[in-house]
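Subject: Structure handover

Hello,

Here is the structure I promised to pass on. Please open it first, then read the notes below.

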Amino acid sequence: MFEEALRAIRQYDTVIIHRHKNPDGDAMGSQAGLYNIIKDNYPQKAVYMVGDPSDRYGFIAGRPMDEIPDSLYENALAVILDTSAEALISDDRYKKAAGTLRIDHHLFISKIADIEIVDPSYESCAGLVTQLAIESGLKVSPEAASALFAGTVTDSGRFRFDTTSAGTFRRVSFLLEAGIDTNSIYSRLYTTSVRDLRLKAKFVEKIRFTDKNVGYIYTTAQELKELGISAYTATRGYVNTMADLEGVSIWAAFAEGDEGILCELRSCGPNINPIAVKYGGGGHKKASGATLKDRETVQAMLRDLDETADKW
Ligand SMILES: [Mn+2]
């Protein structure tokens with residue numbers, strides 16, 4: 001599965017690694033994991049990590065993202081990780097690269113790169129990068145393994161989501177053998193501040209339900225200002241405030257952002273991905289997102305979610 005990818009990585013002296021905007025643990029983890037693997041196995045290559053920073057997950061990369069000139073792309077391979085759509089790629093200069101390779105585990109929407117490795121059966125993109133290392137016999141340092149572990153843990157919902165498989169645990173077993181400190185990774189990922197806990201309480205208070213028991217939280221631009229958080233945080237960060245609620249199979253968080261109303265959809269059963277795609281978004285069967293243009297569209301989406309919840 002990875003022969004072509006490995007050939008491309010071997011072929012280029014410069015490799016620039018991209019991933020999606022607003023990086024989560026898997027975007028950062030797969031990026032830093034692959035970065036370290038290439039550095040360690042091909043020390044003569046120039047390798048870079050690019051993209052927007054993350055307060056929450058920046059620690060996984062261990063250092064700031066690289067600032068690089070356009071000229072570096074001329075003879076470079078750009079690797080795009082954990083991204084289903086072109087518009088979501090952080091730093092669109094990947095288009096200038098001599099060659100492109102994508103490794104992703106989202107549902108396939110359309111071709112982005114010259115070489116495409118897309119397998120939605122993987123719990124995480126970090127899992128795909130780990131598998132590439134295993135199958136290619138590449139050495140994996142504790143730094144690389146820690147980043148890949150962080151990506152796997154976060155995108156599998158701490159090994160709870162459906163995509164968690166025997167393969168997940170085989171790969172994690174391989175990463176643990178590389179020598180990583182899981183306690184330190186867990187504490188950096190899951191320690192909550194008092195401020196966050198109080199914010200969560202506010203979001204709990206905001207939960208509403210549709211006729212068919214779709215849970216949702218709607219946060220206005222004004223509320224975001226008062227809470228001191230971004231639309232991204234209000235949706236991605238707090239949507240799972242509604243997870244594991246009795247009688248609720250679908251839940252959604254909306255927040256008024258600069259470019260529209262951000263929306264994150266989650267489900268414990270029904271496939272909500274087609275609804276996200278209908279509204280210009282994407283993701284997974286039980287976790288997807290989209291950006292909506294106005295409140296009427298939010299209402300229309302909630303009606304679609306109601307219909308899906310009703311059939312479930
Ligand atoms: Mn991912």
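Seven residues of domain 1 are in contact with six residues of domain 2; contact means that the C-beta atoms, placed from the backbone, lie within 7 Å. On the side of domain 1 that touches domain 2, three residues are nonpolar, three are polar and one is charged. Here Ala, Val, Leu, Ile, Met, Phe, Trp, Tyr, Cys and Pro count as nonpolar, Asp, Glu, Lys and Arg as charged, and the others, Gly among them, as polar. Domain 1 covers 3-190 and domain 2 covers 196-311, with bounds from an automatic or database domain assignment. Their centres, taken over C-alpha atoms, are 27 Å apart.

Two notes on the source. This is a predicted model: local features need pLDDT of at least 70, side-chain atom pairs count only at pLDDT 80 or more, and totals for chains, interfaces and linings use all residues. Residues are numbered from 1 along each chain as its sequence is written.

Now the cores. A nonpolar core is a set of buried Ala, Val, Leu, Ile, Met, Phe, Trp, Tyr and Cys residues joined through C-beta atoms within 7 Å. A residue is buried with 20 or more other C-beta atoms within 10 Å of its own, exposed with 12 or fewer, and partly exposed in between; C-beta atoms are placed from the backbone. The largest core has 52 residues, and Val15, Leu77, Val79, Ile103, Val129 and Phe149 touch the most other members. A second, separate core has 29 residues, including Ile261, Leu265, Ile275 and Leu292.

Next, strand E4 (residues 99-104). Helices (H or I, at least four residues) and strands (E, at least two) are DSSP runs, numbered from the N terminus. Strands pair if DSSP finds at least two bridges between them. Five of the six residues of E4 are buried, so the strand is largely enclosed by the rest of the structure. Strand E3 (residues 76-81) runs parallel to E4, joined by five bridges. Leu81 stands opposite Ile103 in E4. E4 also pairs with strand E5 (residues 115-118), again parallel, over four bridges. Arg102 has Glu116 in E5 as its bridge partner.

Then the open sheet. Its six strands follow the order E6-E7-E8-E9-E11-E10, with mixed pairing. E6 (208-209) and E10 (282-283) are the edge strands, each pairing on one side only. E10 and E11 (residues 287-292) run antiparallel, joined by two bridges. Gly283 stands opposite Ser288 in E11. Helix H12 (residues 295-311) packs on this sheet and touches E7, E8, E9 and E11; its direction makes about 170° with that of E8. Axes are lines fitted to C-alpha atoms, for helices over the stretch in contact, and angles run from 0 to 180 degrees between N-to-C directions.

Ala309 is in H12. Ala309 is buried, because 23 other C-beta atoms lie within 10 Å. Its contacts beyond four places in sequence include Lys212, Val214, Ile250 and Pro270. The C-alpha atoms of Ala309 and Ile250 are 6.6 Å apart, although 59 residues separate them along the chain.

Most residues other than glycine have a negative phi. Asp82 has a positive phi near 60°, and so does Asp244. Asp82 sits in the loop between E3 and E4; Asp244 is in the loop between helix H10 (231-237) and E8. Asp82 is buried, with 29 other C-beta atoms within 10 Å. Asp244 is exposed, with 9 C-beta neighbours inside 10 Å.

Best wishes

Technical notes:
Two residues are in contact if their C-beta atoms, placed from the backbone, lie within 7 Å.
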